[in-house]
Amino acid sequence: MTADAGAATGDVPLLAVHDLQVHFPITSGIILERQVGAVRAVDGVDLAVPRGATVGLVGESGCGKSTLGRAVLRLVEPTAGRVVFDGTDLQGLGPEEMRRIRRRMQMVFQDPMSSLDPRQNVSSILTEPMRVHRIAGDRSARVRELLDLVGLPASAASRYPHEFSGGQRQRIGIARAIALEPELIIADEPVSALDVSIQAQVVNLLEELQDRLGLTYLVIAHDLAVVRHISDVVAVMYLGTIVERASSEDLYAQPYHPYTIALMSAVPIPDPVVEDTRARILLAGDLPSPADPPSGCRFHTRCPFRQPTRCDDERPALREVVSGHAVACHWAEDIRAGRIRPSASAFDPSADAGRATPS
Amino acid sequence: MTAATALLLDVRDLSVTFTRRDRRDVRAVDGVSFDVRPGETVGLVGESGSGKSVTALAVMGLLPDRGVRVDGQVHFDDDDLLTLPGDRMRDIRGRDIAMVFQDPMSSLNPVVPIGVQVTEVLVRHRDMHGEAAREEAAELLRRVGIPDPVRRLKDYPHQLSGGMRQRALISMALACRPRLLIADEPTTALDVTIQAQILELLKELVSDSGTALVLITHDLGVVAGLCDTVHVMYSGRVVESAPRRVLFADPRHPYTGGLLGSVPRLDSPRGEPLRPIPGSPTDTLPWADACAFAPRCAHRIGACTGQAPALEVTGDRSLRCVNPLAEGEASPNPAVAPPASVAPEPEEEPT
Amino acid sequence: MSLAEIEAETESKRVGEETGGSLGREAWKLLRRDPVAIIGFALIAFFVLVALFAPLIAPYAPDAQPGAGTITPTNIPGPSAEHWFGLDELGRDEFSRVVYGARQSLLVGVVSLILGMSLGLLMGFLAGAFGGKVDTVVMRLVDVMLAIPGLLLAIAIAAMLGPSLLSVMIAIAAVNVPIFARLLRGQMLAQREADYVLAAQSLGVRRRSIMLGHVLPNSVSPVIVQGTLTLATAIIEAAALSFLGLGSADPGVPEWGRMLASTQRYLASAPHLAFFPGMAIVIAALGFTLLGERLREALDPKYRR
C-alpha cells in the first residue's frame with residue numbers, strides 16, 4: 001500500500017496531515033514574559049494514512065514524532081498546518097464537535113505505569129470512555145469483552161494498575177483505546193517500555209486487533225526493527241521533518257536518505273556473523289537543538305554525504321525518487337548510484353576487517 | 001570454563017538476597033557463576049528480574065550493607081572481593097575495576113563540573129594533582145571523542161548531551177586503566193545512532209588497552225556485535241552460556257531460543273510473524289523446586305516442574321535444562337500467541 | 001539502574017505476596033502492622049480521649065484551689081498521692097489543669113488546621129487546575145504570605161483582635177495556608193503532566209472532570225501527610241503563642257503553653273510545674289508526628305509497582 005501525500009489515489013485517506021507545524025514558544029522575562037524563540041518540534045510535515053493501513057513513524061529523540069502524534073489528536077495545538085480526519089479539518093472544530101470526533105481516534109501511550117490512573121481500577125478505566133460519551137449498554141459485559149480481546153482474564157476488572165506487570169498494563173491501555181470502537185489508533189512507543197519477550201506479545205496483539213476490528217494504525221517508535229515489522233509504510237523523521245517515506249520493504253532494501261542509511265546501519269542485529277561483516281556508517285556529533293535547527297537541510301551538519309553546494313542553504317523538499325518512495329535530499333539519486341561516497345570519517349574501519357580478537 | 005590462563009574475575013555461586021521486615025526475602029541472584037579472562041568481553045544477557053544488574057553491583061561491592069545478604073565468592077586476583085575490608089575495596093574500585101551505569105545523568109554529580117569529577121578519580125587512584133591532573137583529564141575526554149575537551153572540563157553534566165555524558169562516564173571509568181570494566185546497560189538510554197557510536201568506542205578502547213569488559217544488557221543485538229562469551233540469565237540464575245557465535249547459531253535453552261525468536265530483525269523477511277514467549281518474567285517458580293522458566297516454556301516436560309535443573313557443562317558451553325532445544329531447532333514458541341489462553345492471571349500461582 | 005529500581009524489580013518477583021485493592025487499602029495494611037504507626041495512633045487516641053472526657057477524668061475543676069492555704073512561693077508541693085501532678089502556684093490541682101488543657105490544644109490544633117487547610121487547598125487547587133495567570137497570581141500571594149514571619153503575624157493579629165483563642169487559631173491557620181497551597185499546587189502540576197491525564201483528554205473527558213476526578217485524587221497523599229504533621233506543629237505553636245501571652249487569658253481555661261509561662265519563676269523550686277505541661281505538649285505532638293511519618297512512607301509512590 002502506498003501513501004503519497006496529496007496524491008489522488010481515489011480513496012480519501014483516513015488521516016491526512018498537511019504542512020503541520022508545532023512550535024513551542026521559549027519565553028523569558030520576569031513579570032511579563034516575551035517570546036524569544038521557539039522549539040520547532042514539528043516543522044512542516046505532510047503525511048497520509050490510508051484506511052486499514054499501518055503507517056510507521058520512526059526517528060530518534062527530539063525528532064518530533066511524539067509531538068506529531070499528539071498534535072494529530074489535538075492534545076497539543078498545532079501552530080500551523082492542517083489535520084484532516086476522514087475529510088474533516090480538525091482545526092475549526094469546537095470542543096463539543098472535537099469530543100465527538102475523539103471517539104473515532106484514540107491513542108495508546110508509551111509508559112504503562114503512568115498512562116493508567118493509579119487510583120482507578122480496571123473496570124473504571126475501561127468504562128470511563130463509555131461514561132464520558134454516554135453510551136448505553138451493559139457496561140460490565142463490555143468490560144469483559146474488552147479484557148478478552150486483549151487477552152486478560154475477567155478477574156482483572158476489579159484490580160488496580162499497580163497489581164499488574166508492564167505488559168499487562170499495556171494491554172489495559174490498549175483495551176481502553178479500543179473501548180469506543182475507534183477507526184484510527186495512534187500508538188506512541190507502544191512497546192519500548194516493555195521487556196523484550198513481552199514486546200512481541202503486544203506487537204502480535206496489535207496486529208491481531210487490527211485484523212479483527214478493522215483498525216488503522218499510526219505507529220510512532222524509535223525501534224526501527226519493530227516499526228518495519230508492523231508497518232506497511234514507514235516515514236523517517238529528523239528534527240521535525242520527514243526525510244524519507246517508503247513502503248517498509250523498499251525502505252530497508254533501498255534507503256536513499258543518508259540519515260536513514262546511518263540509522264539502519266546503527267541498529268544492532270542479533271547475529272554475530274552479520275554484525276562482524278556489516279559496514280557501519282557512523283554519524284558524528286550530536287543532534288542539534290530543535291530550538292535552533294541548522295539552515296538548509298536539517299541534517300547537513302552530521303551528514304556523511306554532505307556536498308559543498310545546496311546542502312547548507314537550501315532546504316530539500318520531500319520528493320518522489322521512485323514510485324511510492326519519497327526522499328528529502330538534494331543528492332539522493334547520486335548517493336544511491338554511488339556517484340557520491342561518504343567521507344572517510346564516517347566509516348568504521350574495524351567492521352570490514354572483522355573482529356580483532358578471535359571468538 | 002577451564003582455561004590455562006589465569007582468570008581475572010572468578011565469580012562462584014554468587015547469591016544476593018534482599019531481606020525486608022514484614023516481607024518475604026527476595027533472591028535476586030541465585031547461585032551465579034561465571035569468569036572473565038584478561039582482555040575478554042563477557043556478556044550477561046537477561047530481562048528485568050534476571051538479576052544481572054544486581055550481580056554487577058555485588059561484584060563491585062556497591063550493594064547496601066543493611067537488608068542485603070551476599071553469599072558466594074568473587075575472586076579478583078588473589079582476593080575475594082566479598083570479604084575485603086572497605087578501604088581495600090575502595091582502592092580496587094576505580095583503579096582495577098570500574099563501572100559504567102545506564103543513566104549518565106544520575107551517575108554524574110549534577111552540581112560538579114565534569115573536569116572535577118574526572119580529576120577526582122585521578123587524584124584518588126593515580127595521585128595526580130593540579131595542572132597535571134587537568135591535562136590528563138582533558139586527554140581522557142579527547143580519547144573518548146568529546147570535541148573541544150579543554151573547554152568541556154568546565155561544563156556541568158546538564159550542559160552535555162546524553163551521548164557526551166556517557167562518554168564522560170566512560171572516560172572516568174577508564175582513567176586509571178582498570179583491568180576490568182563493568183558496563184550495565186551503557187547504551188539503553190541512548191538513541192540508536194548514539195548507541196552505535198558508544199559501542200564502537202567501547203570496542204576500540206577495550207581492544208587498545210586490553211581491558212576486560214563485562215557487558216550487561218537485554219539487547220541481543222548489542223551482545224552479538226561485542227561479546228566473546230555470552231551468559232543468559234533468567235530469574236537470578238545462568239541458564240545458558242556459550243561463545244558468541246555458537247550461542248546465536250545454535251541456542252539450546254528454550255529461553256534463549258525464545259528470545260531470539262521474539263525479536264524482530266531488520267534483515268529478516270517482513271512477513272514472518274513474531275514468536276513471543278508467553279507469560280511475563282514474573283511468572284516464575286522458585287529455582288529450589290523447579291525450573292523457573294517452566295511456566296512459560298513451550299518445551300516443558302514433567303521433569304521440569306519436579307526438581308531444579310542442574311547446570312551441565314560440555315566443553316565451552318553450559319546449559320541448565322532437562323529438555324533443551326535440538327540442534328538447529330528454531331524457537332519453540334508458537335508463531336502467533338493465542339492471547340486468551342496464554343496470558344496469565346495477574347497473580348497466578350503457577351502449578 | 002538505581003538500587004531503588006532494582007528493589008522495585010525484585011519486588012515483582014514475589015509470588016503470591018499479599019497485594020490487592022486500591023492504594024489506600026494497601027497503605028492501611030502496611031500501617032496496621034507497623035509498630036511505630038500503632039504507637040503514634042495510640043498516643044493520638046489517648047490524647048483525644050483525655051480531651052473529650054476531661055470532666056470525668058479530672059478530680060478537680062481547673063480553677064478550683066484545693067490547696068490555697070498551704071502555698072508559699074518557696075513551697076509548692078510536688079506530686080503526691082492526693083495530687084498526682086502536685087499543686088500549682090495558686091494551689092490548683094496540676095493534674096486536672098493538664099487534663100483540661102488537652103481540650104484547648106486539641107481545639108486549637110484541629111480548628112486552625114481546618115482553617116488553614118481549607119483556604120490553602122482552595123488556593124492550591126485553583127493554581128494547579130488553571131495554571132497560567134491564575135497560578136501566577138496565587139503564587140505571588142503565597143510568596144507574600146511566606147515572607148511575613150509567623151510570629152509577627154501572630155502578634156499583629158493578637159494586637160488587632162485582642163489576645164484570645166481566636167487570635168491564636170487565626171494566626172496558626174494563616175501560617176499554614178501557604179504551605180498547603182504550595183503543596184497541592186506542586187502535586188497537581190506534576191500530575192497534570194502524567195500520561196493518564198493525556199489519555200483522559202484523548203477520550204474526551206472534560207477538563208473539570210479531569211482535574212477533579214483524576215488529578216486531585218492523585219495529589220492528595222502528601223496533603224494527608226502534611227495535615228497530620230501540621231496538627232503536631234499546631235499544638236506546639238499554640239502552646240508557644242499562649243506562652244507569649246497572645247492566647248486566651250481566661251484563668252478558668254488552662255492552656256499548656258500559658259501554664260509553662262506562668263511557672264518560669266518557680267522552675268528551680270517547683271520543676272514539676274514545667275515538667276508535666278511540657279511533657280503533655282511533647283507527647284501530643286509526638287503522636288501526630290509518628291503517625292504522619294509512617295503515613296508518608298505508606299503512601300509513597302515507591303510502593304506502587
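I looked up helix α11 (residues 254-262) of chain B and found eight of its nine residues buried, so the helix is mostly covered. A residue counts as buried if 20 or more other C-beta atoms, placed from the backbone, lie within 10 Å of its own, as exposed if 12 or fewer do, and as partly exposed in between. Helices (H or I, at least four residues) and strands (E, at least two) are DSSP runs, numbered from the N terminus.

I noted that this is a predicted model, in which local features need pLDDT of at least 70, side-chain atom pairs count only at pLDDT 80 or more, and totals for chains, interfaces and linings use all residues. Residues are numbered from 1 along each chain as its sequence is written, and chains are lettered from A and ligands numbered from 1 in the order in which they are written.

I listed the buried residues of α11(B), among them Pro254(B), Tyr255(B) and Leu259(B). Their cover includes α6 (196-213) of chain A, along with α9 (220-226) and β9 (229-234) of chain B.

Next I checked phi angles. Most residues other than glycine have a negative phi. Asp13(B), not a glycine, has a positive phi of about 55°. I placed Asp13(B) in strand β1 (residues 9-18) of chain B; Asp13(B) is exposed, with 12 other C-beta atoms within 10 Å. Glu185(B) also has a positive phi, near 50°, and sits in the loop between β7 (180-184) and α8 (192-209) of chain B. Glu185(B) is buried, with 21 other C-beta atoms within 10 Å.

Last, I noted that chain B has 12 helices and 12 strands, and that 53% of its 351 residues count as buried.

Conventions: Two residues are in contact if their C-beta atoms, placed from the backbone, lie within 7 Å.
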